[in-house]
Amino acid sequence: MGGPGDPPEGAPEGAPGGGEDEYRSVVFDESFVRAARLQEFSAQERMADHSPAVRRRPPLQRGLSRQALILVLLIAMAFGTAIYMGVRHPYPTQATRAAEPLRMTVIPLAPQSAVPGSAATDRLFTASPAAGFRTGADGITLPAVRRTAHFSDSQVGVALTTARTYLVESSLDPSVLTGGATRPVRILLDPRQLDQFDRSFDHPAADGRHAPTGWLTRFDATRTQLADNRIRVQGTLQAVETDANTLEVLSDHTFVYALKPAGAAAGAKASLFTVRRELTFRFDRDDLRMHQAELAVSAVQAGPLACSDDSASRLRPLLAGEKAGPGGPAGTDPYATGSVTAVCGTLARNVQPAV
């Protein structure tokens, strides 16, 4: 029953004091009003303009939305994971390997008679086993490039090309052969071998480790010069994989030079000088990336030379008309440690030009 003054059926729904007011808990404060997306025009605005009774308000500029915060968080997590995986990735890394010192052998080959000579270098080459050799770098040919189990075609190609470049610079460059230049060869070596290389030229020694002629071919320029820049070359290159992180290139080439005495006139007789170089190049993945090589083994046979001459620092070829003379290799002291036994061979008669 309603109270005094109430209609007999009670207070109407929504009237003060009547029924359950569903909006009673809602407080229309200033923040709620400001957040409303629709705004009613004032009476004055409705009189001046026959626009709709309400208008849409632009959204309020707030901080980052929840979606944006989640996106930023995901990006940060991905970035952190990438850094972690870069530091602690599950793949095996290449172990740092110290470069082994180059092992070298230089064997002079003494002629059995006087060295034949001719003023015509073409005649010398034609009358020798080098008649069919190619000239210069054309004689250092690359084999077909084939990938290995752990190295791609391009990596094998880099190894072969780098070895070929080393042969060209160390055996065909006139500035290296007679001018004493070393930089064209030095820049192609693995940096871990540079100390041994530099010591070889600063303090040459026939100890199997520090002979300059084990690294490159160079003549004694005080007594010898090139009679013909067209050096004859023939040989092979072969790439093999020794383990998952190492490639080796095996090189076996014969170089034939026409030489004459330093300062000789144009018509002076020339003679041939032969150098056979068997080299083993070793490449890890850093070497391939830098186009450098580690020279592991160098075996050189050269002649005509006198066995008594020191061939470790520079080659002193016997020229046209000269003989090896009496005596064999230089004396060896078996009590001296750190030295190796001197070795000398004999140059076969049939390799000399028949002129």
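**A close look at the second largest pocket**

Mentor: Happy to! In this predicted model, β7 gives the largest share of the lining of the second largest pocket, with three residues. The pocket itself has a volume of about 330 Å³. Two or more lining residues come from each of β6 (246–261), β7 (271–283) and β8 (294–303). In total, 16 residues line the pocket, and Thr 254, Val 256, Thr 274, Leu 347 and Val 351 are the ones nearest its centre.

Now for the chain around the pocket. The protein chain holds 10 helices and nine strands, and 34% of its 355 residues are buried. Counting contacts between residues at least 6 apart in sequence, 69% join residues at least 24 apart. The accessible surface comes to about 21,000 Å², with 55% of that belonging to carbon and sulfur atoms.

Ser 118 counts as buried because its relative accessibility is 8%, below the 20% cut-off. Its side chain reaches the backbone nitrogen of Ala 120 at 3.2 Å. Leaving aside residues up to four places away in sequence, Ser 118 touches Arg 123, Leu 124, Lys 269 and Ala 270.

Definitions and conventions: Residues numbered from 1 in each chain as written. Predicted model: local features only at pLDDT ≥ 70, side-chain atom pairs only at ≥ 80, totals over all residues. Heavy atoms only, no water. Helix = DSSP H or I, 4+ residues; strand = E, 2+ residues; numbered from the N terminus. Buried < 20%, exposed > 50% of the residue type's maximum accessible area, 1.4 Å probe, protein only. Contact = heavy atoms within 4.5 Å. Areas by Shrake-Rupley, 256 points an atom, 1.4 Å probe, with all protein chains shown as cover. 1 Å grid on protein atoms, 1.4 Å probe; cavity = no way out; pocket = protein on both sides within 12 Å on 5 of 7 lines; lining within 4 Å. Points joined across faces, edges and corners; volume = space filled by probe spheres on them. Polar contact = N/O pair within 3.5 Å; in protein donor to acceptor, adjacent residues only side chain to side chain.
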